[in-house]
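Hi,

Here is the structure we talked about handing over.

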Amino acid sequence: MKQERDQAQLIEMFRLMALARALDERMWQLNRQGKAPFVISCQGHEAAQVGAAMALRPKQDWIVPYYRDLAMMLAIGVTPREVMLGLLAKADDPSSGGRQMPAHYSHRALNIVSHSSPTGTQVPHAVGIALAAQMRGDDVVTWTSFGEGTSSQGDVHEAMNLAGVMKLPVIFFCENNGYAISVPQRKQMGVENVSDRAQGYGFPGVTVDGTNVLEVYEAMTAAVDRARQGHGPTLIEAKCVRLTAHSSDDNDRTYRSADDLKAMKTRDPVHSYEAYLRSEEILDDAKIAGIRDEIKAQVNDATTFAEKAPLPDPLTVSRYVYAE
Amino acid sequence: MAELNLLEAINRALDESMAADDRVFIIGEDVGQRGGVFRVTDGLHAKYGEKRVIDAPLAESIIIGSSIGAAMYGMRPVAEIQFADFIFPAFNQIISEAARMRYRSNNAWEVPMVIRTPYGGGIHGALYHSQSIEAFFTHIPGLKVVAPSTPYDAKALLLASIADPDPVLFLEHKKCYRLIKGFVPDEPYTVPIGVADVARTGSDVSVITYGLMRHYAVEAAEMLAKEDISVEVIDLRTLRPLDRETVLASVKKTNKVLVLYEDNLFGGYGAEVAAIIAQDAFEYLDGPVQRLAGLDIPAMPYSAPLENEFLPTPEKIADTLRDLVQY
Ligand SMILES: Cc1ncc(C[n+]2csc(CCOP(=O)(O)OP(=O)(O)O)c2C)c(N)n1
Ligand SMILES: [Mg+2]
């Protein structure tokens, strides 16, 4: 029985990663077609995000994400239709009703907290949410994510410091893809691992292979247990690859060599996980084809649905500055 | 009915709101056992414990940022920034995050929090313990900015701010803390956010002001009364949202107006008030919309003669008003 359940979970992880990838690729197509002015990708981060999500309890735990977290959103329960409504800035976009740029995810019913564009400002919010949960005695773990470039921000330091002082049930999840737009990690910090810094805050820091969904899941499970037992925060650094340019407005060929880009493709987390599941004989050609067909239908449905959905009414532009 | 100074009135409001609502908590530097460097939170740590009166690390952005998160979770944080001059490390959290959360989430999220901070000068605080910061924040839609000048208003407005569903910056003039005393009812009463007060009625000229300058304006008005000049003083109490009706009604009655504030003149909060009057009461004006404010130098210097030179005083206010009524 247990093995069956585990197998189902392993397949579900694959489905989520492949769905995120397919949805992401569709976004770029819509961008090229001139239908979506802005795209920012999760490609290369799928394993890190799905591995993390599997250790969390949707609707109970709180998610304070950043713009790369498409796979995390899907894993927590945001639907492909909702994602596409955001991409096309439609009125019913749950993140912001088309007010923010795409990928500034928020979903109140799923405890996914709205974040902005200045990098790192969300990390103090996660600490405040964890503080509130601790004060209330609620069984809630707060997860927040950011890139390694963003780990240079003062807000990230201040947040980790307070979380360490108060032993808050929060997980700091750094998705390290080696670049902050064009600036490589070696120009960003004097340490090799962002997780080394955890020591300075009095809680554990671990670095995992962020292209290995099972390794991430294991580290996250330990961090969630720690948080729930009242032992405080954990910093997890997931070493990822950024398989696309920073965003649709960037051209990474101006700062990454063809060789580097080629080497990176060998670390594609969706491919490697698929290969793993095949080698374990959990998936075969037929099963994979079935999953991919289902995903294709979902992505098509989400695209058509969002394209037909209404845009925001311009007369709503002044609403919700204050409570009404 | 008790006679309290401004800081005692604020302390009472904090105490009452914490007793009434266990979602309310205080976070700031030295607010705990010490009771705040001005003693505004005196006694609350002993009464409510260190979990509800939190001595934060010395880091303003996390004081505000964590309060934002807690407010989104459903708490009612009252964050203290020890001096308004030190709010700038948290500027981004206040304007990019707290103020924009409701709008950017299309009303899905809200940030019901209060940021209390002592501001203003005249206490030998020099450049970094004297600043007026309201202009930076009144510019931002999504924030409310409250600046009471009497114990009566301070208590009720702080309770209103804590109950408010949107983020409120609550400015406490530090020279008023112990200087200004007044009767505060023991029984509940309210002063709504967004309503100005006619601090003194008059017929020849209006002064639109707030904070310490309200008291200086009333002093000037008393001096001028002896010269048969009748001055009306409007204490705005809330800077955003601005009570336009009360301001315009006063100007339409007296036909002359001085906008008075302690901050640097250029681009100060009073510039907006002056612009509104010029636009909406132009036909009623019998003279130019005058402004009197702090000097356009980086901030208030320490040494007494320099500090006095910076600030509008009752004498300078009276001189300006004499000229204005002559116009
Ligand atoms: C405060 C701030 N400065 C600059 C930017 C512009 N910017 C957006 S993303 C980014 C790089 C972020 O890199 P990283 O944190 O490593 O995340 P990644 O995009 O690699 O996942 C920059 C510089 C910003 N959004 N906010
Ligand atoms: Mg990066």
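Below is what came out of the analysis, beginning with the conventions.

This is a predicted model, in which local features need pLDDT of at least 70 and side-chain atom pairs count only at pLDDT 80 or more, while totals for chains, interfaces and linings use all residues. Residues are numbered from 1 along each chain as its sequence is written, chains are lettered from A and ligands numbered from 1 in the order in which they are written, and side-chain values use heavy atoms, with hydrogens and water left out.

**The two chains**

Chain A contains 10 helices and seven strands (DSSP runs numbered from the N terminus: H or I of at least four residues for helices, E of at least two for strands). Its radius of gyration is 19 Å, close to the 20 Å from the globule rule for 324 residues, so chain A is as compact as a globular protein of that length (the radius is taken over C-alpha atoms, and the rule is 2.2 Å times the number of residues to the power 0.38). Along the principal axes, the C-alpha atoms of chain A fill a box of roughly 55 × 50 × 50 Å.

Chain B has 13 helices and 14 strands. Its radius of gyration of 19 Å agrees with the value near 20 Å that a compact globule of 327 residues would have. Here the C-alpha box is roughly 60 × 45 × 40 Å along the principal axes.

**A sheet in chain B**

Five strands of chain B make an open, mixed sheet in the order 9-11-10-13-14 (two strands pair if DSSP finds at least two bridges between them). Strand 9 (197–200) and strand 14 (290–294) of chain B are the edges, each pairing on one side only. Inside this sheet, strand 10 (residues 205–209) and strand 11 (residues 231–235) of chain B run parallel, joined over five bridges; B:Thr209 has B:Asp235 as its bridge partner in strand 11.

**Ligand 1**

Which residues come nearest to ligand 1? Of the 16 around it, they are A:Tyr66, A:Tyr67, A:Arg68, A:Thr150 and A:Tyr179 (near means a heavy atom within 4 Å).

- A side-chain N or O atom of A:Arg68 is 2.7 Å from a ligand 1 oxygen.
- A backbone N or O atom of A:Tyr179 is 2.7 Å from an oxygen of ligand 1.
- A backbone N or O atom of A:Ser117 is 2.9 Å from a nitrogen of ligand 1.

Taken alone, ligand 1 exposes 580 Å², of which the protein buries 72% (Shrake-Rupley, 1.4 Å probe).

Best wishes

How values were computed. A polar contact is a pair of N or O atoms within 3.5 Å; within protein, one must be able to donate a hydrogen and the other to accept it, and residues adjacent in sequence count only if both atoms are side-chain atoms.
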